[in-house]
Amino acid sequence: MSITNNIRKIREQKGLRQKEVYTFLEIGKSVYSKIENGGREATVQELIKLSQLFGMSIDQIINFEGDTPSPVTLK
């Protein structure tokens with residue numbers, strides 16, 4: 001699966017609308033749409049912000065396998 005598909009799937013699983021994401025990233029609607037549709041790759045800065053928004057590491061976003069990770073609690 002490509003990173004663009006991963007970003008879309010994670011956004012959907014998190015229950016976020018595209019508008020919420022592109023507003024958080026401080027980019028335009030068409031730019032974000034291109035990221036999700038494979039017309040443009042996300043920049044490093046955008047990946048950093050996405051990892052903050054999604055509560056995931058960049059590695060988890062890139063290597064996403066279908067389910068968002070559960071929080072880990074150490075006792």
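**Close-up 1. H1 packed against H4 in the predicted model.** Here the two helices meet at an angle of about 25°, and their axes sit 11 Å apart. Angles under 35 degrees count as roughly parallel, so that is how H1 runs relative to H4. The crossing of this pair is left-handed. From H1, the contact draws on Ile-3, Ile-7, Ile-10 and Arg-11, while H4 brings Leu-47, Leu-50 and Phe-54. Sort the residues of this H1–H4 contact by class and you get six nonpolar, no polar and one charged.

**Close-up 2. H1 again, this time against H3.** For this pair the packing angle is about 110°, with 6 Å between the axes. Angles from 65 to 115 degrees count as roughly perpendicular, and H1 and H3 are therefore described that way. On the H1 side, look for Thr-4, Ile-7, Arg-8 and Arg-11; they meet Tyr-32, Ile-35 and Glu-36 of H3. The class breakdown of the H1–H3 contact is three nonpolar, one polar and three charged residues. Ile-7 and Arg-11 of H1 take part here, and they also turn up in the contact with H4.

**Close-up 3. The buried face of H4.** H4 covers residues 44–54, and its buried residues are Glu-46, Leu-47, Leu-50, Ser-51 and Phe-54. Look down the helix axis and these residues fall within an arc of 140°, so they line one face of H4. What do they pack against? The partners are four helices: H1 (3–13), H2 (18–25), H3 (29–37) and H5 (58–62). Leu-47, Leu-50 and Phe-54, from that buried set, are the H4 residues that make the contact with H1.

**Close-up 4. The other side of H4, and what follows the helix.** Turn to the face pointing away from the buried side and you find the exposed residues Gln-45 and Gln-52. Just after H4 comes Gly-55, which takes a positive phi of about 70°.

**Close-up 5. Glu-26, in the loop between H2 and H3.** Is Glu-26 buried or exposed? Its relative accessibility is 66%, and the cut-off for exposed is over 50%, so Glu-26 counts as exposed.

Notes:
Residues are numbered from 1 along each chain as its sequence is written. This is a predicted model: local features need pLDDT of at least 70, side-chain atom pairs count only at pLDDT 80 or more; totals for chains, interfaces and linings use all residues. Side-chain values use heavy atoms; hydrogens and water are left out. Buried means under 20% relative accessible area, exposed over 50%, partly exposed in between (1.4 Å probe, protein chains only). The arc is that of the directions from the helix axis to the C-beta atoms. Contact means heavy atoms within 4.5 Å. Axes are lines fitted to C-alpha atoms, for helices over the stretch in contact, and angles run from 0 to 180 degrees between N-to-C directions. Angles under 35 degrees count as roughly parallel, over 145 as roughly antiparallel, 65 to 115 as roughly perpendicular and the rest as oblique. A crossing is left-handed if the near helix is turned anticlockwise from the far one by less than a right angle, and right-handed if clockwise. Ala, Val, Leu, Ile, Met, Phe, Trp, Tyr, Cys and Pro count as nonpolar, Asp, Glu, Lys and Arg as charged, and the others, Gly among them, as polar.
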